[in-house]
Amino acid sequence: MSAAAPRVRRGPRPAEVAVSLGVLVLGLGATWVAASLPEAGGYARIGPNFVPKGVAGALVVLGLWLLAEALTGGWRAALPDDPAERGEHAFVPAAFAWVAAGLVAQMALIHTAGFPLAAAVLFALVARGFGSVRWARDAGVGLAIGVGVFLFFVRFLNVNLPAGWLLPVLGAAGI
């Protein structure tokens, strides 16, 4: 039987106290701003200040909670400082470049080639960034997802997305 080692009590870390106070000050500032918003609630009695007051209150509670933990032995279950101990992977510049290229291609193609084809290119390039080497399969899956999302937005949500080069194939759905 091995007992867990007792947690060594230590003084508060300045960084933990600073972040806790920062969250608390942010919450107090948000409370001050939310209190200045109009109260007019209309029929539902919920005005434009309802959500800001909730967020501000949550920030104040979180700031107080973090400060209490920082002053009573440090934040609980803090992650290790070493990325390898946290299970993080190393940064892979090539993967980042593929994903970034997919986003740039999506922005460049969406108005000319249309949403479905731009989505297919984006999907294929992001899949390549994650290690796939099956370009045709990835582009086909991306095209299927792109057409499905396109039809959902155009038919059911009445959102006008560009059909681009697939307008003859998509017919009235692309208008």
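Trainee: Which residue does Asp138 meet in a salt bridge?
Mentor: Arg137. The N to O distance is 3.1 Å. A salt bridge here is a side-chain nitrogen of Lys or Arg within 4 Å of a carboxyl oxygen of Asp or Glu.

Trainee: Where do those numbers come from?
Mentor: This is a predicted model, where local features need pLDDT of at least 70, side-chain atom pairs count only at pLDDT 80 or more, and totals for chains, interfaces and linings use all residues. Residues are numbered from 1 along each chain as its sequence is written, and side-chain values use heavy atoms, leaving out hydrogens and water.

Trainee: Is Asp138 buried or exposed?
Mentor: Buried, at 4% relative accessibility. Arg137 counts as partly exposed, at 42%. Buried means under 20% relative accessible area, exposed means over 50%, and partly exposed is in between (1.4 Å probe, protein chains only).

Trainee: How many salt bridges are there in the whole structure?
Mentor: A search finds 2. Glu88 forms a salt bridge with Arg86, with the closest N and O atoms 2.9 Å apart. Glu88 is partly exposed at 45%. Arg86 is also partly exposed, at 31%.

Trainee: Switching topic. How many helices and strands does the chain have?
Mentor: It has 6 helices and 0 strands. Both are DSSP runs numbered from the N terminus: helices are H or I with at least four residues, strands are E with at least two.

Trainee: What is its radius of gyration?
Mentor: The protein chain has 26 Å, while a compact globule of 175 residues would be near 16 Å. That radius is taken over C-alpha atoms, and the globule rule is 2.2 Å times the number of residues to the power 0.38. The C-alpha trace spans about 70 × 60 × 35 Å along its principal axes. Buried residues make up 26% of the 175 residues.

Trainee: Which residues make the largest nonpolar core?
Mentor: There are 10, including Ile110, Phe115, Phe150 and Leu170. Helix H4 (115–129) and H5 each give two or more residues to this core. H4 gives the most, with 3. A nonpolar core is a set of buried Ala, Val, Leu, Ile, Met, Phe, Trp, Tyr and Cys residues joined through side-chain atoms within 4.5 Å.

Trainee: Why does Val149 qualify as partly exposed?
Mentor: Because its relative accessible area is 32%. Val149 is found in helix H5.

Trainee: How many aromatic pairs are there?
Mentor: The count comes to 4. Phe91 and Phe96 have ring centres 5.7 Å apart and planes at 50 degrees, so that pair is tilted. Rings of Phe, Tyr and Trp (its six-membered ring) pair if their centres lie within 6.5 Å; planes under 30 degrees apart are stacked, over 60 edge-to-face, the rest tilted. Phe152, Phe153 and Phe156 form one aromatic cluster.

Trainee: Last one. What is the phi of Asn158?
Mentor: Positive, about 55 degrees, although Asn158 is not a glycine. Most residues other than glycine have a negative phi. Asn158 lies in the loop between H5 and helix H6 (167–170). Asn158 is exposed, at 67%.
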